[in-house]
Amino acid sequence: MFGNAGWNELLEAQKFYWTDLLRLIKLLSTGAVTALEIFILTLIFSLPLGLLVAFGRMSKRKWIKKPIKIYILIMRGTPLLLQLWFVYYVPYFMMPKGMKINLDRFAATIIAFSLNYAAYFAEIYRGGIESISQGQYEAAAVLGFTRIQTFFRIILPQVIKRILPAITNEVITLVKDTALAMSLGISELFRVAKNEATRVFSTTPLFIAGIFYLAMNWIVTKIFDKFEKKLSYYKD
Amino acid sequence: MILKGDKMVMLEVNNLFKNFDTNEVLSGVSFQVKKGEVVAIIGPSGSGKSTVLRCINLLEKIDGGSIYVEGDMMVKTGNNGKVSYAPENELRKIRLRLGMVFQSFNLFPHFSVLQNITEAPLRITKKEKITVKENAMELLEKVGLTDKAEAYPYQLSGGQCQRVAIARALAMEPDILFFDEPTSALDPELTAEVLKVMRDLALEDMTMVVVTHEMSFAREVANRVIFMDKGFIIEEGEPENIFTNPCNERTREFLKGYI
């Protein structure tokens with residue numbers, strides 16, 4: 001049964017399998033890179049924007065606080081998928097002639113993602129900031145620190161340590177949410193995998209895409225674990 | 001009792017009023033503190049003692065009266081009842097002359113003991129790093145904690161924390177040091193070590209205003225004792241008089257066990 005001919009066929013089948021796998025991995029890598037681009041750009045914009053939104057949310061002035069609260073409600077209360085469509089289509093289709101803006105699909109993706117995640121980060125920041133005891137502010141004040149110094153040297157470092165687990169959650173979710181960009185035709189990981197799966201009538205590409213997402217989130221988890229460890233030099 | 005000489009008025013508080021919503025917590029508090037004096041403010045809870053300190057240290061806004069620090073106006077009230085504070089840059093300068101030690105220490109948990117003490121001088125007075133560090137170590141020696149320079153607050157006992165807090169306040173070289181019930185959160189053993197540091201400071205002619213329940217400290221270290229109740233100063237005088245023969249009935253009642 002396993003004569004010479006049989007072994008060769010087996011080896012050929014193996015070689016074909018591995019080269020095909022390599023091809024798949026190369027193909028999906030391009031999608032993963034796109035996903036990474038969305039991921040990094042979103043974080044770059046939403047992490048600082050979230051801080052601003054948090055300040056707005058905590059403002060004493062009603063004319064700032066109210067609109068911010070509504071913004072946060074809409075961002076967290078509607079599907080990101082819907083927001084993606086909204087950001088892409090509204091500036092063109094709902095604006096009067098002359099004011100029509102034709103957004104680049106990738107730009108629309110980053111804008112929608114950033115606005116959405118900024119709202120989530122804002123509430124995490126706010127929770128962290130409001131959990132810092134009044135005594136810290138008072139001690140800083142009597143020592144003569146300005147409000148800016150107090151916030152960046154005394155308050156924020158403590159806040160970061162407290163919110164790290166919650167931030168990690170959001171970042172992990174973001175890695176997976178990048179798949180939603182496919183609805184705007186962006187060739188990120190999931191879209192590439194799905195197209196390939198349809199083309200070759202196989203679920204293997206999707207399985208490999210799963211491995212990619214897992215690998216990315218494994219790295220994210222490792223990085224945030226390192227941050228947490230670094231901040232464990234003191235206990236609150 | 002410790003004798004002092006200088007006559008300069010460091011702090012002048014006139015007719016201080018403070019409301020929290022509808023609750024009038026301070027109802028016309030007036031007193032002065034001279035250079036080198038140790039003034040102890042005693043009284044039942046809710047009498048407004050801490051509020052006085054907080055108002056002077058700009059942690060609360062007053063609703064009436066005036067406060068002068070070394071002759072400089074911090075806040076005054078016009079005849080129309082309008083309260084006006086000095087401009088921000090003036091207040092900043094006055095703030096640097098005042099130091100405060102809190103009941104709950106309020107050390108910065110993410111900084112080491114040394115960093116807690118050096119942070120303010122480094123960021124605010126912009127002195128040389130080496131000088132600031134040296135001064136900090138001297139202060140740590142003064143409060144007896146040189147071996148804890150690299151420790152973090154969570155590793156210290158309450159008494160050690162409070163001593164660090166005192167060193168931290170001293171690092172900014174204040175003209176007047178305020179203590180808001182500095183030992184109230186400490187057990188008797190830890191209280192003693194903190195009171196010792198405060199006693200040493202008093203012996204070095206530091207101008208101090210101490211809100212406290214430690215009657216022995218008030219009696220032995222203070223030059224003057226102010227007794228407050230329900231937002232008023234009921235009685236004021238030298239410890240001997242207050243503790244042995246108070247004039248006011250309320251004072252007598254409060255000090256029942258100590259006279």
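This is a predicted model: local features need pLDDT of at least 70, side-chain atom pairs count only at pLDDT 80 or more; totals for chains, interfaces and linings use all residues.
**View 1. Chain A is built from helices.** Let's start with the overall make-up of chain A, which has eight helices and zero strands. Read from the N terminus on, its elements follow the order α-α-α-α-α-α-α-α. The radius of gyration of chain A is 24 Å, well over the 18 Å that the globule rule gives for 236 residues, so this chain is more spread out than a compact globule. Its C-alpha trace spans about 90 × 60 × 25 Å along the principal axes. Of the 236 residues in chain A, 41% are buried.

**View 2. Chain A meets chain B.** Here we turn to the interface, where 20 residues of chain A are in contact with 24 residues of chain B. The size of an interface is often given as the accessible area lost when the parts come together. For chains A and B, the buried area is about 2100 Å², and carbon and sulfur atoms give 62% of this area. On the chain A side, the residues that lose the most area to chain B are A:V142, A:L143 and A:R153, which together account for 31% of what that side buries.

**View 3. Polar links join the two chains.** Zooming in on the pairings, we find nine residue pairs in polar contact between chain A and chain B, both partners being at pLDDT 80 or more. The salt bridges between these chains number two. In one pairing to look for, A:E138 forms a salt bridge with B:R54, and their closest N and O atoms are 2.6 Å apart.

**View 4. Two helices of chain A face chain B.** The elements giving two or more residues to the side of chain A that touches chain B are α5 (134–143) and α6 (147–177). The largest share comes from α5(A), with eight residues. Sorted by class, this side of chain A has 10 nonpolar, six polar and four charged residues.

**View 5. Helix α1 of chain B is largely enclosed.** Seven of the eight residues of α1(B), residues 49–56, are buried, so the helix is largely enclosed by the rest of the structure. The buried set consists of B:K49, B:T51, B:V52, B:L53, B:R54, B:C55 and B:I56. Among them is B:R54, the salt-bridge partner of A:E138. Following α1(B) comes B:L58, with a positive phi near 65 degrees.

Key:
Residues are numbered from 1 along each chain as its sequence is written. Chains are lettered from A and ligands numbered from 1 in the order in which they are written. Side-chain values use heavy atoms; hydrogens and water are left out. Contact means heavy atoms within 4.5 Å. Buried area is the accessible area (1.4 Å probe) that two parts lose on being put together, summed over both. A salt bridge is a side-chain nitrogen of Lys or Arg within 4 Å of a carboxyl oxygen of Asp or Glu. A polar contact is a pair of N or O atoms within 3.5 Å; within protein, one must be able to donate a hydrogen and the other to accept it, and residues adjacent in sequence count only if both atoms are side-chain atoms. Helices (H or I, at least four residues) and strands (E, at least two) are DSSP runs, numbered from the N terminus. Ala, Val, Leu, Ile, Met, Phe, Trp, Tyr, Cys and Pro count as nonpolar, Asp, Glu, Lys and Arg as charged, and the others, Gly among them, as polar. Buried means under 20% relative accessible area, exposed over 50%, partly exposed in between (1.4 Å probe, protein chains only). The radius of gyration is taken over C-alpha atoms; the globule rule is 2.2 Å times the number of residues to the power 0.38.
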